Amino acid sequence: PPVAPATQTPDPPQQTPTPAPAATPADCSPLLGQWRAADGSMEANFKADGRCSYRIRGEEGVETGEGAWKVEGDHLKVHTDGGDDVDLPWRLENGQLVLGPADDQTRLARVGPAPATTPDATPPALPPVTPPQPAGNRPNGDRLVGDLPMPSSYTPYRCLDVDNGFKDAAGRPMEVFNMLMPTGWRFAGGVKWILNYKDPRLLTRSELLSPARIAFTVSEPSGRCVLSVYPEERFVDLRGSPAANMGLYPQGSRYAGMIVCDAATPDNYILGWVIPRQRGQTDMANPQVVARKELPQAAALFAKEVEILNRAAGQAAIANVAHRAAMVTVDYDSGGVRWREMFVSVLMYIQTPGCTMWWHRYTISARAPRDEFASWQRYVVTAICSIRFNNAWLVRYLQVTDEAFAKIQDVDEYIRKIDHDIWANREQINLRIHRDMYPLLAPYADYLGADGKTRYLPTGGKYQANRRGEVREGDNLPEHDPEWQPLKLLEPQ
């Protein structure tokens, strides 16, 4: 959901850098945790506060020590407490940490699981993948994506706040959002409240401002096509702060509950945080970035949505706020398949004296086998474009997290006030994302049903809907089925 306050979209903060793709703060790095060489010659423990310890066994005996660490691109840099500086090339290969130049490398395996910042720091794990079937076992007469039949209908899915969250007047979990999923696809994840996983006395200010996190996957039954929505983490860039310049807040430490990290552009946020930390890159062999570009129009539309919410709440504009968006497409090998995964992220930056606070407003990815990706895209984009948040839940959430919204007395009147503007703008956001993710393929348009509701669907097909909100597609649908009513094509977008 949108996060207040933010109403203006000035130029991006001047101190937003463009680091190398692999450069990450300590708390963001896939190096976090304990590592050990198979022969016991080296052990290392990299901590989220920027500190590390090591044990090295050599010809002259065993050396142990501690120090401060960071990563810069493909180099691991350690400043030991004894005053020595160590600079080693590093990479992850098949789940192992490889240190050193090509002629003198040490391979270390992780000891135990990788640590996480919170129980819900990542979306649900990707589902297992069913291998492609031999040609003789493929369905007959169906349109196929690879060896699988294409979806021919969509089913409404309601995500409920079941994690001890908001309840309606009858005491039932409130709906957070609803969406159209291709029939037979699977939904995993949803909304999690940090309070349910952490001692309330230990909640940080950042967690109080964002107490609920939304992360989920929508996957085709065989696991060959997956849409992932990623949870929020909050960061702060303290390079303008005297305390940081004195070394009090190293990269990866916490300041007011936020992760200390130099502000990054959205494409580098995807490559340096989402992929290694949230998506998990252990199964991504031979990765190749095949496309990366900024999406300024999508960023401007997200800024407008926040402006609508703040204006309706009577909240004053805050200067030095910017939104930036980007898309990154990565090809990689996993399980004998060459995959393609497309990431889209929108970041918000709030610049104040001495620091820049920044976090994501929206981050998603869609993956499928590379040679099938274009065929699956229409179903992924249809699901994305159909997501509709429940304004009643959204306002309740804003009342919990923001003082200005907490003063709203008539929630129903407020919901009516923002409903038209919010969803008109959200349709433009969906359209913009569709155009950025799905170029040169079938266009989308609004289809009107007998119930007065519109669905945003690919053109070129015939659709019908029933009273349960299900949608089916086909060229030879029965014309006189009392259970199903045709959807009328409105003006194409």
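Guide: C355 is buried, with a relative accessible area of 12%, and C385 also counts as buried, at 7% relative accessibility. Buried means under 20% relative accessible area, exposed over 50%, and partly exposed in between, for a 1.4 Å probe and protein chains only. The model is predicted: local features need pLDDT of at least 70 and side-chain atom pairs pLDDT 80 or more, while totals for chains, interfaces and linings use all residues. Residues are numbered from 1 along each chain as its sequence is written, and side-chain values use heavy atoms, with hydrogens and water left out. The structure holds 0 disulfides, a disulfide being a pair of cysteine sulfur atoms within 2.5 Å.

The aromatic side chains come next. There are 20 aromatic pairs in the structure. The rings of Phe, Tyr and Trp (its six-membered ring) pair if their centres lie within 6.5 Å; planes under 30 degrees apart count as stacked, over 60 as edge-to-face and the rest as tilted. The ring centres of W185 and W376 are 5.9 Å apart and their planes stand at 65°, so this pair is edge-to-face. W185 belongs to the loop between β12 (175-182) and β13 (186-193), whereas W376 belongs to helix α5 (residues 373-386), so the pair ties together parts that are 191 residues apart in sequence. Helices (H or I, at least four residues) and strands (E, at least two) are DSSP runs, numbered from the N terminus. Both W185 and W376 are buried. Elsewhere, one aromatic cluster is formed by Y157, F177, F187, F216 and F389.

Two arginines are placed over rings. R234 lies over the face of W359, at 3.9 Å from the ring centre, and the charged end of R396 sits over the ring of F166, 4.6 Å from its centre. A charge sits over a ring if NZ of Lys or CZ of Arg is within 6 Å of the ring centre and within 35 degrees of the ring normal.

Helix α5 also holds A374, which is partly exposed, with a relative accessible area of 46%. A374 and R340 are 34 residues apart in sequence, and their C-alpha atoms are 9.8 Å apart in space.

A cavity is a set of points, on a 1 Å grid over the protein atoms alone, where a 1.4 Å probe fits but cannot get out; lining residues have an atom within 4 Å of a point. Points are joined across faces, edges and corners, and a volume is the space filled by probe spheres set on them. The second largest cavity has a volume of about 50 Å³. It is lined by 10 residues, of which S206, R213, E233, R254 and G257 are the closest to its centre. This lining divides into 1 nonpolar, 4 polar and 5 charged residues. Ala, Val, Leu, Ile, Met, Phe, Trp, Tyr, Cys and Pro count as nonpolar, Asp, Glu, Lys and Arg as charged, and the others, Gly among them, as polar.

Two asparagines complete the view. N164 has a positive phi, near 55°; N164 is placed in the loop between β11 (153-160) and β12 and is exposed, with a relative accessible area of 57%. For N286, phi is likewise positive, near 55°; N286 lies in strand β19 (residues 285-294) and counts as exposed at 53% relative accessibility.

Note on methods:
On a 1 Å grid over the protein atoms alone, a cavity is a set of points where a 1.4 Å probe fits but cannot get out, and a pocket is an open set with protein on both sides within 12 Å along at least five of seven lines; lining residues have an atom within 4 Å of a point.
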